[in-house]
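Reader: I am new to this structure. Please take one part and go through it closely, then show me what surrounds it.

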Amino acid sequence: MVLEAPGLRLREEHRALPACTGAHVLIRVHACGVCRTDLHLQDGELPAASYPRVPGHQAVGEVVARGPAAVLPVGAWVGAAWLAHSCGTCRFCRSGQENLCDAARFHGCHVDGGFATHMLADSRYCIALDRALGAAAATPLLCAGLIGYRTLRMAGEAHAIGIYGFGSAAHLVTQLARHEGRRILAFTTPGDTAAQGFARELGAAWAGGSDEPAPEPLDAALIFAPVGALVPKALGDVRKGGTVVCGGIHMSDIPAFPYAALWGERQLRSVANLTREDGVAFMQAAARAGLTARVSTYPLGRANDALDDLRAGRINGTAVLLCETRAGG
Ligand SMILES: [Zn+2]
Ligand SMILES: [Zn+2]
C-alpha cells in the first residue's frame, strides 16, 4: 500500500520482489501495526520523509531471503521497527545515541516499510522476536511499546505518573509501569469515557479528561497526544523537581507560558526515535511484565480504513494490518 504524496490516500500497487544485497534481508510480513506517525507521514508533517513511500514501522514477519552479509538466517522471526539505519561513526552513534544520528534512516519514512506483503530491512537493525507472541500482538511492541518504554525511562524513578493521551503507547506503558509498582493517572480527550474506562481496566488509579486538574501532585508526566497545549498543562500538574516528557514525533505549537510553570527545577524534554539497545532491553521488560497488546485487525487492503479509524480516535489499543490477507476492499 503506497502513499504517492502527502494528503493522498494509500493505493494498492503490485511490485516484483526486490533482490537482497549486502546485509539486507527480505521479510515476508505477517502483520504491521499502524501508528500516529503514519498519519503525520500522510499529512506531510515529517520533514525528512520522501514520497512515494510504503508506510509502516511496526512490521513482524519471517526472513525469506538474505544478502551475502546478512546477520540473520532464513527462517528467523523478526520485527522491523522505526530505525532502519544509522551511520555508526558520528558522535551520537559512538556514544550510544544512534537514535540521534543525523544520517539515520527510518522505515516508512526514508525507506519502504511494512504496509506490504514483503519488505527489505538491514538485518543488523532487525529486532529478534519470540514467535509465541503471535504476529499481530507483537507489532505494537515495536513502536508504541518501545517509544513508551524510552519515555517512561526518561521519567526516572517517578512514582505518580500522569499519562496524557491514552492510545497505543499509553496502554502498554501503563502495564509496564504498574508491573514496576508505579501509580498511573490517565488524561484523555475530555469526554472520552471509553478511553478512561480502558485506562482503569489496565490499572490506572485515576482517569479523567485532560481539561481536569491532576487529583494529586505528579512526579512525572508523559505526553503522547500530539497537542502542544498539554505541555503547560502537564507542567502545572507536576510537583517541584518533576519531569514532563514529550513522547511523540510531532506536536502542535506549544503556547507561551509563564516561567513560573517551569520554575522549581521542573524539567521538560522530548524522546526521539529509539536505539537497538532499547529494543533488546524493552523486549526483556515486556516479557517480564507479561505485556498484552490490545489490537484491532484489518486486512492489508483496508489500510486506509485503519488510518481513518486511528485519526478519528475509534481505536482502543493498536490498529494492526494483517499483511497475508490482501483482499477486503
Ligand atoms: Zn510509530
Ligand atoms: Zn551516526
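How many bridges join strand E2 (residues 59-66) to E3, and do the two run parallel or antiparallel?

Author: This is a predicted model. Strand E2 (residues 59-66) and E3 are joined by 4 bridges, and they run antiparallel. Take one pair: glycine 61 has valine 78 in E3 as its bridge partner.

Now look at E3 itself. Strand E3 covers residues 77-80. Trp77 and Gly79 are on one side. Val78 and Ala80 are on the other. All four are buried, so both faces of the strand are covered. In a regular strand, side chains alternate between the two faces of the sheet.

E3 has another pairing. Strand E7 (residues 127-128) pairs with E3 in the antiparallel sense, over 2 bridges. Here glycine 79 has isoleucine 127 in E7 as its bridge partner. Strands of a sheet pair through backbone hydrogen bonds.

Step back to the domains. The domain assignment gives domain 1 as 24-142 + 294-322 and domain 2 as 145-270. Their centres, taken over C-alpha atoms, are separated by 25 Å. In the contact between them, 14 residues of domain 1 meet 13 residues of domain 2. On the domain 1 side, helix H1 (residues 36-42) gives the most, with 3 residues. By class, that side has 5 nonpolar, 6 polar and 3 charged residues.

Next, the core. The largest nonpolar core has 110 residues. Ile163, Leu222, Ile223 and Leu321 have the most contacts inside it. Strand E1 (residues 24-34) gives the most to this core, with 7 residues. Domain 1 and domain 2 both give residues to the core, so it lies between them. Isoleucine 163 shows the packing. Leaving aside neighbours within four places in sequence, its contacts include Ala170, Val173, Ile184, Phe187 and Leu222. In soluble globular proteins, nonpolar side chains tend to be buried together.

Last, an open sheet. It has 6 strands in the order E10-E9-E8-E11-E12-E13, with parallel pairing. Strand E10 (206-209) and strand E13 (267-270) are the edges, and each pairs on one side only. Neighbouring strands are turned by 20° against each other on average, direction ignored. Within this sheet, strand E11 (residues 218-223) and strand E12 (residues 238-246) pair in the parallel sense over 5 bridges. Leucine 218 stands opposite valine 238 in E12. Helix H7 (residues 230-237) lies across strand E8 (160-164), E11, E12 and E13. The helix runs at about 150° to E12.

Definitions and conventions
Residues are numbered from 1 along each chain as its sequence is written. Chains are lettered from A and ligands numbered from 1 in the order in which they are written. This is a predicted model: local features need pLDDT of at least 70, side-chain atom pairs count only at pLDDT 80 or more; totals for chains, interfaces and linings use all residues. A nonpolar core is a set of buried Ala, Val, Leu, Ile, Met, Phe, Trp, Tyr and Cys residues joined through C-beta atoms within 7 Å. A residue is buried if 20 or more other C-beta atoms lie within 10 Å of its own, exposed if 12 or fewer, and partly exposed in between; C-beta atoms are placed from the backbone. Domain bounds come from an automatic or database domain assignment. Two residues are in contact if their C-beta atoms, placed from the backbone, lie within 7 Å. Two strands pair if DSSP finds at least two bridges between them. Axes are lines fitted to C-alpha atoms, for helices over the stretch in contact, and angles run from 0 to 180 degrees between N-to-C directions. Ala, Val, Leu, Ile, Met, Phe, Trp, Tyr, Cys and Pro count as nonpolar, Asp, Glu, Lys and Arg as charged, and the others, Gly among them, as polar.
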